Amino acid sequence: MSAIINNIEIVKTESSKINEVDFDNLKFGSVFSDHMLVCDYKNGKWEAPKIMPYQPITLDPSAKIFHYGQSVFEGMKAYKDINDKVWLFRPLDNWKRLNISSKRLAIPELPEDYFMEGLKALLELDKDWIPTNDGSSLYIRPFVFASGEGFHASPADEYKFIICTAPSGSYFSGDVKVLIEQTYSRSANGGVGFAKAGGNYAGQFYPTQLAVKKGYQQVIWTDDNNHEYIEEAGAMNIFVRINDTLITGPTSDRILDGITRKSIIEIAESQNIPVEVRKLSVKEVVEAAENGTLKEMFGAGTAAVVSPISGFGYNGVDYDLPKFDDTYASYFKKRITDIQTNKSEDPFGWRFKVE
Ligand SMILES: *Cc1c(COP(=O)(O)O)cnc(C)c1O
C-alpha cells in the first residue's frame, strides 16, 4: 500500500441519499453518490486528498477556470459482478491520459497514487452505489481545473482535482443519424483535440445544435483543413466497416486516443477481423454507401461503449446503412462489457480489481 492512502482524510455523510434513488430507472450521470474526493494543488504541490460528502464547491469569481478554461476531465466506469467484487477497466490509461491532457493545458500533472488510491478509497466507501442491473455501472468523473484567482491571462497557481461518481443505467442512444460536418471543426493541427479538455466540448455544442435542427443527432467531425477525412463521431471515436474490414483514423493531435477505440482494435486483431488504422476519406465512405459495401458505422467511447450509426447526411444527401443481425458493433459491445463486468475471460489483462 502506498503512503498516500493512509493520508486520505474521510468525512462520511450523516445522511445517505441512497434510499432516494430508483436504481431500476437510472439515467446517465444525473444522480450522484454520497461522497466525492477533493485534492488541492497549492504552493507548487498536490496536498493530501480528502473524501467528503458530495456538495457544492465555492470558487472566487476570478478563478481562472471561468475565464481561461483550464479544465480537463476523464470518464470511466466501475462495475460490480455477481460476487459483489468491484472492477475497473484499464484505469491507469485514464490516469495517463488525464496527465497528457493536463500538460497541454499547463495544468500540473497528478501522481499515480493520488489518482488510483484516491479512486479506490472513494469506490470502497460508495460501493453500494454501484448498480448491478444489466448494462448499468457507476460512471466516474475525475477532473482537474484552475481554482487559482486573478484576471491575469496566465496559468493559475492553484488547482483542484475532484472525483465524483454517478450510478448510471445502460446508455441507450437509439438510432443515431449523423451529419458529416463541412463547415465547423472540433480540433486543428497543433491544437488541443487530443486532450480531454472541457473547452473541446463547448466548441462542439453549437455545430451539434445546428445538426439537430436539421434532423440529425450527432456530427461526424472531419479534418479542419479541407473536411475531407473522417475523424470522430461527436465525442466518440469512429469506426467504419467496408465489406468486412474495420477502418478507423490514426490518433493524432486532432483525434483523441480513446480507450474503447484501442480495445476494439486489439480485440479485432486477436479475432482476425481485418482492421485498418488509416486516414479514411468522406469520398470513400460515400462511394461505399453508394455501391453497397458500406456495412456499418459506429462510435466508440466509455459511456455507450459502442453506439451504432443508422445513416449519415452529406452534401444534402441522406445515406442509410443496412440493418442486419450479428454486427461488429454488437459483437464488440458484448466482448468489452463481458470483460468489464467479469462475465468472461480477460485475455488482455484489462480488468482491474478494486480491493
Ligand atoms: C472521451 C472521448 C473519446 C472516447 O474515449 P474513451 O477512452 O473510449 O472513453 C473519444 N473522443 C473524444 C473527443 C472524447 O472526448
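In what follows, Ala, Val, Leu, Ile, Met, Phe, Trp, Tyr, Cys and Pro count as nonpolar, Asp, Glu, Lys and Arg count as charged, and the others, Gly among them, count as polar. On that basis, the shell around the ligand divides into 6 nonpolar, 5 polar and 4 charged residues. The model is a predicted one, in which local features need pLDDT of at least 70 and side-chain atom pairs count only at pLDDT 80 or more, while totals for chains, interfaces and linings use all residues. Residues are numbered from 1 along each chain as its sequence is written, and side-chain values use heavy atoms, with hydrogens and water left out.

**The ligand and its shell**

The ligand is surrounded by 15 residues, the closest being Lys196, Tyr201, Glu232, Thr260 and Thr302; a residue is counted as near if one of its heavy atoms lies within 4 Å of the molecule. At least two residues of this shell come from each of β13 (236–242), α6 (259–270) and β16 (294–301), where helices (H or I, at least four residues) and strands (E, at least two) are DSSP runs numbered from the N terminus.

| Side chain | Ligand atom | Distance |
|---|---|---|
| Tyr201 | oxygen | 2.6 Å |
| Glu232 | nitrogen | 2.6 Å |
| Thr260 | oxygen | 2.6 Å |

Of the 380 Å² of accessible area that the ligand has on its own, the protein covers 97%, with areas taken from the Shrake-Rupley method with a 1.4 Å probe.

**The largest pocket**

The ligand takes up the space of the largest pocket. On a 1 Å grid over the protein atoms alone, a pocket is an open set of points with protein on both sides within 12 Å along at least five of seven lines, a cavity is a set where a 1.4 Å probe fits but cannot get out, and lining residues have an atom within 4 Å of a point. The largest pocket holds about 820 Å³ of space, and of the 37 residues that line this pocket, Tyr171, Tyr201, Ala235, Met236 and Ala303 are the closest to its centre. The largest share of the lining, 4 residues, is supplied by α5. The pocket lining divides into 17 nonpolar, 14 polar and 6 charged residues.

**The cavity**

A search of the whole structure finds 1 cavity of 30 Å³ or more. The largest cavity has a volume of about 110 Å³, and its lining includes Lys77, Phe89, Thr260 and Thr302. The largest share of that lining, 3 residues, comes from β6.

Definitions and conventions
A polar contact is a pair of N or O atoms within 3.5 Å; within protein, one must be able to donate a hydrogen and the other to accept it, and residues adjacent in sequence count only if both atoms are side-chain atoms. A molecule sits in a cavity or pocket if more than half of its atoms lie within 2 Å of its grid points. Grid points are joined across faces, edges and corners, and a volume is the space filled by probe spheres set on the points.
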